[in-house]
Amino acid sequence: MRRLSRVLRWLVYAGAALTAAVLLAITGFVLINGIPHLTPSLFEWTYTSDNVSLMPALVGTLLMAALALLMAVPVGVGAAIYLVEYAPRGSRFVRAVRMTSETLQGIPSIIYGLFGMLLFVTALGWGLSLLAGACTLAVMVLPVVVRTTEEALMAVPDGYREGGFALGAGRLRVVARCALPSAAPGILGGVVLALGRCVGEVAALLFTAGTVAQVPDLLGAGPAGLFDSCRTLAVHLYVLASEGLHIDEAYATAVVLLAVVMVLNGVAALATRMMEVRDRG
Amino acid sequence: MAEMASVAERVTEEGKAPAMAASTVDLAPAKMAVAHLGLRYGDFSALRDVNLVFPERQVTALIGPSGCGKSTLLRCLNRMNDLVAGCRVTGSVLLDGQDAYRFVDVNDLRRRVGMVFQQPNPFPMSIYDNVAFGPRTHGVKRRADLDEIVERSLRDAAIWDELKDRLRKNALGLSGGQQQRLCIARALAVRPEVLLMDESTSALDPISTAKIEELVRQLRERYTVVMVTHNMLQALRVSDRTAFFLMGEVVEAGPTDDVFTHPRDGRTADYVAGRFG
C-alpha cells in the first residue's frame, strides 16, 4: 500500500511538472523566436506586402473582441439571471437550456464559422466583415458567459436573497443588490474566458470576417466601417504562417498576441481583486 | 372586526384547553393569529390545522423536535414560504385581523413582519448599508433620515456603541454575535410591528446568546416577537407564551410557565423534561 501511494504521488508530481514544462517550453519557444523580430516597422498603421505590419490586426483584435463581448455579455448575463433568479428552480425549461448551452460549448468553432457565414455573411448580406465576425464570436461565447454567470449566481448564499426578501425588497432589488454584487467576480471570470476565446479564434473568423489586413474605417466611414473585412492577430498569425513567406513576423505576432492576452488577463485579475477587497472591506 | 372575533373564537381551541387559552387571549389583543393553517410540500404535510394567537407585545416561543413544523409555521407569518416551489398553504394567517395571504403587496407584509434567520446573514456591504438597505428599499433617500434610522436601529439592537466608529466597515468582518445583532438592527430599521426569529441564537456562543436574549426582553416592550428555539431554557427565560409542536401539529400552547410547569399533555411533559427531542 505504501509503495502504491509513493508511486501515485510521483505520477501526480510528474503530471504537474510535465504541464508546467510544456507551458514554459511553448512560451519560451515563441519568445525566443519572436522577440528578435519585433521591429517598430511591424507597428505601422498600414499593412503592405513588403512590410507585413501587425498593427491592423492588433486594432482588429481589440475591436472584434470588444464588439463580440458587447453583444454576448449583456445577453448571456441576462439569460443566466433569468435561469437562476426568476425561472422556477429545477424546471424542465431550465434544465433544457442548461444542457443546450453545455452542448454548445463543446461544438468546434468551425461549425460556428459555417453558421456565421451562412447567416450573417450570405443571408443577411453583410459580406466578410467585422460585424459578421463579431456576431459569430458573440454566438460562440454566449454559452460560456451563460454557464459561468449561472455558476457564479448559484454560488451566492441563499441567505443574502432571503435577507433581502425578508426586508420587503422585490425580486429585482434582491437580484441587483443582494445577488449580483457577490457574483460579480465570478461573472468577470466568465467574461475573461470568453475574451480569451475571442482573441484566440481563427477558424470561425476566416469564414466570417475575412483576412483583409486593414484597420476598419470606423473613424472615416462611421458605422459603415463595421462592414469592412478585417483580421485579428490570431488570423494574421495563421495567414503569415500558412503563406510561409514571413515566418519571423509570424513569431513576432505570436509574442504580441501573448502580450495582449496577458495584459487583458492582468486587468481582469486586478478588477476581481478590487471587487473582493471591496466585499471584504 | 367580525373576522377578528371569529378568529378569537377559533383560536380558543388552541391547545385544546379553551379556558386557559382564552384568558390570555383576552388580556392582550392578538397582533397575529393563524387559524386552521395547513401546509403541504408536494405530498408531505408539514403543518396540520394549526391554531395559534400571537398577542401584541409578547414573546411567543415555538418549541419542538427537529422537523416538527415550527420553522415552517414561522415562515408562513411573513410568507417566506411563497419562495419555496411546490408549497401549498391552506387556512388563514392574520395580521391585525387582515389575511396575510390576501395582502395585495407581499413586500408590505414583510416590511411589517420582520425576520431574523438562524445563520447571521448580513449582506457583503458596509454596516451602514446593511441597516439602510430596508429603508432605502422602501423609498427613504435623504442622507440625514438614513443616518438617523441607522443610529436608532443600531441603538435598539444594543450594538450602536460597539459599531458607531466603524459604520463604513464591511459587515462580514464582524463576529457571529455582532452579525446577528446587526441583522436584528437591519430588521428593525423598517419599523416592523412583528419580529420573527428563527433559532436566531443557535449558531452563536453563550455570551452572544445571552446578549440577544436580553435584547429580546427589551424588544417585547415595543414589538410582538415570535421565536423558534431548540433551547427550552431559552423559551423559559424569554418567552411569555409557548407553543409545543409535534409532527406538524400544535400539541399544547399557553403561557410559558403553565406549559413548562403544568403541561396538560403527556408528550409536552416528556419533551420539556428532556425525555425526547
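**Aromatic pairs and charges over rings**

Phe123(B) and Phe133(B) are each buried, meaning under 20% relative accessible area, with exposed over 50% and partly exposed in between (1.4 Å probe, protein chains only).

Before going on, this is a predicted model: local features need pLDDT of at least 70, side-chain atom pairs count only at pLDDT 80 or more, and totals for chains, interfaces and linings use all residues. Residues are numbered from 1 along each chain as its sequence is written, chains are lettered from A and ligands numbered from 1 in the order in which they are written, and side-chain values use heavy atoms, leaving out hydrogens and water.

Rings of Phe, Tyr and Trp (its six-membered ring) pair if their centres lie within 6.5 Å; planes under 30 degrees apart are stacked, over 60 edge-to-face, the rest tilted. That rule gives eight aromatic pairs over all chains. One of them is Trp10(A) with Tyr13(A), edge-to-face, at 5.4 Å centre to centre and 85° between the planes. Both lie in helix H1 (residues 2-34) of chain A, three residues apart, about one turn of the helix; helices are DSSP runs (H or I, at least four residues), numbered from the N terminus. Trp10(A) is exposed at 56% relative accessibility, and Tyr13(A) is partly exposed at 45%.

In chain A, ring pairs also join Phe115(A), Phe120(A), Trp126(A) and Phe227(A) into a cluster.

Last, charges over rings: NZ of Lys or CZ of Arg within 6 Å of the ring centre and within 35 degrees of the ring normal. Arg173(A) has its charged end over the ring of Phe133(B), 4.6 Å from the centre. Arg186(B) lies over the face of Phe123(B), 4.2 Å from the ring centre.

Note on methods:
Helix = DSSP H or I, 4+ residues; strand = E, 2+ residues; numbered from the N terminus.
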